[in-house]
Amino acid sequence: MTSLKSYKLLTFDVYGTLVDWEGGIIEALQPALSKGSKNFTKQELLHAYHLLEKSQQEKTPDMLYSDVLATIHAPLLANLGLPPPTPEESTAFGESIGSWPAFPDTVAALQRLARTYKLVVLSNVDKQSFAKTNAGSLCGVPFDLIITAQDIGSYKPALKNFEYMLAAVEREFGVKKEEVLQTAQSQFHDHHPAREVGIRSVWIERPGAVMGNLEDNIYDWRFETLGEMADAVEKEAE
């Protein structure tokens, strides 16, 4: 296997890898959950959410991510046996994206990795929501290129998204496919489609992650945190 430092550019899916989207979603559901009497496990909530999100993204690939969340909010609560939300509550659920917290290791690890790689966002999000995230919990980390589902008009795992990114990084930086590492938590959204188009990948297997898992795990390197990956890159330089 080649070394981590033989690559020039990292692409991040952001939500799930850099940002705790599962914790953010559960927190955003608290107003609705407080109106019901049933207790749900993390797995129950996220499984119900992920099924609806995946279906909506397939039906409306050009819908903004914040609107996807607002659209699935009412059916999600119905599936959980909770009272229906007001339109304002569904809008607030969609707008919660920008307040989801980064993982504790994320910002420092990105700053360290930026000494070695170009950092590129390839995320299933809209531009406005990502801008809020980057200005908020990501502390304004200066990514070299930001590509969202809104820019492409489709959501991962569509291969179109990876092909769009590869064309963009070659055009902007002269970086070839074999110099790119997809750096992500989700097997479903990132590792499997990346492999289909010939991109090597680093699995940031966030402990306890529920969404995006598959039985067949594909990756070239595996770390539990982005901080561990930064440690490994720096160790190679010693």
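Predicted model: local features only at pLDDT ≥ 70, side-chain atom pairs only at ≥ 80, totals over all residues.

My list of lining residues reads Asp13, Tyr15, Trp21, Glu53, Gln57, Tyr65, Ser123, Asn124, Lys156, Ser186, His189 and Asp190. Sorted by class, that lining comes to 3 nonpolar, 5 polar and 4 charged residues.

Next I looked up the volume, which is about 120 Å³ for this largest cavity. How many cavities of 30 Å³ or more are there? I got a count of 1.

Then I checked which helices take part. Helix H3 (42-59) and helix H10 (187-196) each give the lining at least two residues.

Which domains does the lining draw on? Domain 1 (4-20 + 101-235) and domain 2 (21-99) each put in at least three residues. These are the two domains into which the protein is divided.

That sent me to the domain interface. I noted 24 Å between the C-alpha centres of domain 1 and domain 2. For contacts, I have 23 residues of domain 1 against 24 residues of domain 2. The two domains bury about 1,900 Å² between them, and 62% of that is on carbon and sulfur atoms. On the domain 1 side, Tyr155, Val210 and Met211 lose the most area to domain 2, together making up 36% of what that side buries.

Last entry: I looked for salt bridges between domain 1 and domain 2 and wrote down 0.

Terms used:
Residues numbered from 1 in each chain as written. Heavy atoms only, no water. 1 Å grid on protein atoms, 1.4 Å probe; cavity = no way out; pocket = protein on both sides within 12 Å on 5 of 7 lines; lining within 4 Å. Points joined across faces, edges and corners; volume = space filled by probe spheres on them. Helix = DSSP H or I, 4+ residues; strand = E, 2+ residues; numbered from the N terminus. Nonpolar A, V, L, I, M, F, W, Y, C, P; charged D, E, K, R; others polar. Domains from an automatic or database assignment. Contact = heavy atoms within 4.5 Å. Buried area = accessible area lost by both parts, 1.4 Å probe. Salt bridge = Lys/Arg side-chain N within 4 Å of Asp/Glu carboxyl O.
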